[in-house]
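Please find below my notes on the model under review. They are set out as numbered points, from the overall fold to individual elements.

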Amino acid sequence: MMMKSILSYFYKAGLLLGLLLPLGQIKAETVTDLAGRQVKLPAKVGRIVLGEGRLLYTLALLEGKQPLKRIAGWQGDLKLLDGQTYRQYQKQFPEIERIPLIGKADEESVSAEKVLAVRPDLAIFTLAGHGPDVDSKVLHDLEKAGVPVVFVDFRVSPLTHTVPSMRLLGKVLQREQEAERFISFYQQEMDKVRQALTKLPGNQRPAVLVDLRGGSMPQMMSPGKGSLGEMVAFAGGRNLAADWVPGAMGEVSVEKVLAARPPFYLLTGANAPDAASGLKMGAEIDARLARDSLLQTARRGQLGQLPAIRQGQVLGAWHHFYNTPLHVVLVQAMARWMHPDLMQQVNPQQTWLRLHQQFLAVAPSGTYWVSGH
């Protein structure tokens, strides 16, 4: 009953707006989103709903000094899964606490009623992740209520979809100049790695085991042909699980990994300083704590037998790189880790600092990658 009432309100409001506004003020621009959907944009986007709270990593690259100003509602995954980043923004933008939640950290917790209650002009969802997808009833109900929804992707096919996703966000948020400025930065930094690797023979790309949030889950998870696996390949490696995992990520057996003996081991994590296990990484984490937790986690159980771990060919990285265009820094860090002689001109630390100076409202802090050497 309540849903029908809310939908009816939005439908009538849309009709009334059409009657009151002169035709010249009604914008009818249409865009194609990353799901291939045609979406008609509103004339002005003042209130945004984020299908995942961690879209803030990307939105902040375009919104300048006021990254939260237009967020009318979001899911709670940022606070639940990356509390350090949440607190980093909270210190500078205490109003973050007043942003209404439309769900927790899973799709099932999101409803159209919660989204419509915050009166959004636009909703931004992701192709895959913790929020509503293209088959979601929430999407159907929002479309019926006249709320435009656009899909972006930084997670499934990050190397293919990052540039068009940023360009789409620039269009729908009326931040086209900011989007093109970031795209230029991103492409220049990715090209540094690409060009350096032209000197690398194809048979000298080392195998890399990617252990996603290792030590935080009972099983070992690794990317397949998408996600971080794409980034490993771009950085000059071979993702060990590319032929084992059919989708973007899945479970792999420790026994299979031990038999393959990969020479490089990448562990991701995002745990807080007081976490009992797993890699501690991100805001609030200093380099010593990050490295200690990296070595402790990498050596757990049978994994300690791997030559990569015994020889220190271990890299720890902030897990959420997999879900944001900030992954350009991880790509550079991995390329230097695997091919230090070829990557003399690639400096991920400088790239990280320049990203903050040129695009973000918060200052760089914490540790986002660390070597096990």
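1. Of the contacts in the protein with a separation of 6 or more, 71% are between residues 24 or more positions apart, where contact means heavy atoms within 4.5 Å. This is a predicted model, in which local features need pLDDT of at least 70 and side-chain atom pairs count only at pLDDT 80 or more, while totals for chains, interfaces and linings use all residues. Residues are numbered from 1 along each chain as its sequence is written, and side-chain values use heavy atoms, with hydrogens and water left out.

2. Along the principal axes, the C-alpha atoms fill a box of roughly 70 × 40 × 40 Å. Buried residues make up 56% of the 373 residues (buried means under 20% relative accessible area, exposed over 50%, partly exposed in between, with a 1.4 Å probe and protein chains only).

3. The protein has 14 helices and 14 strands; these are DSSP runs numbered from the N terminus, helices being H or I of at least four residues and strands E of at least two.

4. Strand 4 (residues 71–75) is mostly covered, with 5 of its 5 residues buried. Strand 6 (residues 122–126) and strand 7 pair in the parallel sense over 4 bridges, with alanine 123 opposite valine 149.

5. Arginine 70 lies 5.7 Å from glycine 46, C-alpha to C-alpha, although the two are 24 residues apart in sequence. Leaving aside residues up to four places away in sequence, arginine 70 touches residues including Gly46, Glu63, Leu173 and Arg175.

6. A further open sheet has 5 strands in the order 10-8-12-13-14, with mixed pairing. Strand 10 (238–239) and strand 14 (369–371) are its edges, each pairing on one side only. Strand 8 (residues 207–211) pairs with strand 10 in the parallel sense over 2 bridges, and alanine 207 stands opposite arginine 238.

7. The axes of helix 13 (residues 327–338) and helix 14 (residues 348–359) come within 9 Å and cross at roughly 170°; axes are lines fitted to C-alpha atoms, for helices over the stretch in contact, and angles run from 0 to 180 degrees between N-to-C directions. Helix 13 is therefore roughly antiparallel to helix 14 (an angle over 145 degrees). Val328, Val329, Gln332, Ala333 and Arg336 in helix 13 meet Pro348, Thr351, Trp352 and Leu355 in helix 14.

How values were computed:
Parallel < 35°, antiparallel > 145°, perpendicular 65-115°, else oblique. Pairing = 2+ DSSP bridges.
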